[in-house]
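Visitor: Please take me through this model one contact at a time, with the cut-offs behind each term.

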Amino acid sequence: MTSNFTILDGGMGRELHRMGAPFRQPEWSALALMLAPETVERAHQRFADAGAEVITTNSYALVPFHIGEQKFKTEARFLADLAGGLARKVANSARRRILVAGSLPPLFGSYRPDLFDEAGAPAIIRPLIDGLSPHIDLWLAETQSSLAEARFAREALRGDARPFWVSFTLDDENEDLARPKLRSGECVAAVITTMLELGVDAVLFNCSQPEVMAGAVDAARAIRDVRGAKARIGIYANAFPPQRDEAANEGLSDIRADLTPDRYARFAKDWRERGAEIIGGCCGIGPEHIAALTAKRG
């Protein structure tokens, strides 16, 4: 890999679990934030030490789906502010420039485009935006399963001058790898076209197997180049086996033993050669994987 790309961090939730931080479903990574925020800071630091140039706030599970309606109502903004502050502290203490991405998650559950409720979405996204906003350098709407989810997140930040990145999760079980689809069944090519029309700064793909990512990079690059757009392309895959739509919201999924740091770096080399300019990891991709990306960048 050449040096002109950005390295993201890896999967916060599974890193917290591996560290022994408080962790369970349904709270997922939010439990450590609520009970042991110092572990969140340490997890950020591990990824920073591994070479991450962007660290993502631990706000992914700060939605009613994970922490419950009542706790969300009373604590969402406070917890989002805490998540942002912890990431900012690690970034500010670094001897090199590290950016903080404000994670805006699927508001009604991962991999569940069928649950998206545009009428109810503003009440969920607003406390997250308000709490994260003082701390972040860019916005990252991640693990979006449908165009409707992503379009809503983009519109919710209308008027915010900071970069807006959007990341989609792909259908792991789609056998036509040359024609990737979102978990909603929507064609990646059509989704990317709309996102570019909305002026996003980067289009990424995350929380899907490494094996399905290359086709998404190809599709995104082809559309971007035809349109003459400047949006960057990125990938941060997970280390799960193929996931059913419900699986992300159940118990702990298995982590693939075969996806070693070296093998993940080989996937990343292919993505980079296809045009990906932002590369990191999602669930199960730890600091050792990010360190391998860092070691092979030059």
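This is a predicted model: local features need pLDDT of at least 70, side-chain atom pairs count only at pLDDT 80 or more; totals for chains, interfaces and linings use all residues.

Visitor: How do the residues of the contact of α3 with α11 divide into nonpolar, polar and charged?
Guide: Ala, Val, Leu, Ile, Met, Phe, Trp, Tyr, Cys and Pro count as nonpolar, Asp, Glu, Lys and Arg as charged, and the others, Gly among them, as polar. Arg46, Phe47 and Ala50 in α3 and Pro287, Ile290, Ala291 and Thr294 in α11 then divide into five nonpolar, one polar and one charged.

Visitor: Is α3 roughly parallel or roughly antiparallel to α11?
Guide: Axes are lines fitted to C-alpha atoms, for helices over the stretch in contact, and angles run from 0 to 180 degrees between N-to-C directions; under 35 degrees counts as roughly parallel, over 145 as roughly antiparallel, 65 to 115 as roughly perpendicular and the rest as oblique. Helix α3 and helix α11 (residues 287-295) pack at about 20°, their axes being 8 Å apart. That angle makes the relation of α3 to α11 roughly parallel.

Visitor: At what angle do α3 and α5 pack?
Guide: The partners here are helix α3 (residues 37-50) and helix α5 (residues 69-93), whose axes are 9 Å apart, and the angle is about 40°. By that angle, α3 is oblique to α5. The packing angle asked for is about 40°.

Visitor: How many residues of the contact of α3 with α5 are charged?
Guide: On the α3 side stand Pro37, Val40, Glu41, His44, Gln45 and Ala48, and they meet Leu82, Leu86, Ala87, Lys89, Val90 and Ser93 in α5. Seven residues of this contact are nonpolar and three are polar, while the charged ones number two.

Visitor: Is Asp49 buried or exposed?
Guide: Buried means under 20% relative accessible area, exposed over 50%, and partly exposed in between, with a 1.4 Å probe and protein chains only. Glu38, found in helix α3, has 43% relative accessibility and therefore counts as partly exposed. Asp49, which also lies in α3, has 60% and therefore counts as exposed.

Visitor: Which strands stand at the edges of the sheet?
Guide: Two strands pair if DSSP finds at least two bridges between them. The open sheet of eight strands, with parallel pairing, runs in the order β1-β8-β7-β6-β5-β4-β3-β2. Having a single partner strand each, so that one side is left without a neighbour in the sheet, the edge strands are β1 and β2.

Visitor: Which residue of β7 is the bridge partner of Phe205?
Guide: Strand β6 (residues 202-206) and strand β7 (residues 232-237) run parallel and are joined by five bridges. Along this pairing, Leu204 stands opposite Gly234 in β7. The bridge partner of Phe205 is Ile235.

Visitor: How many residues of β6 are buried?
Guide: Both faces of β6 are covered, with Ala202, Leu204 and Asn206 on one side and Val203 and Phe205 on the other. The strand is largely enclosed by the rest of the structure because its buried residues number five of the five.

Technical notes: Residues are numbered from 1 along each chain as its sequence is written. Side-chain values use heavy atoms; hydrogens and water are left out. Helices (H or I, at least four residues) and strands (E, at least two) are DSSP runs, numbered from the N terminus. Contact means heavy atoms within 4.5 Å.
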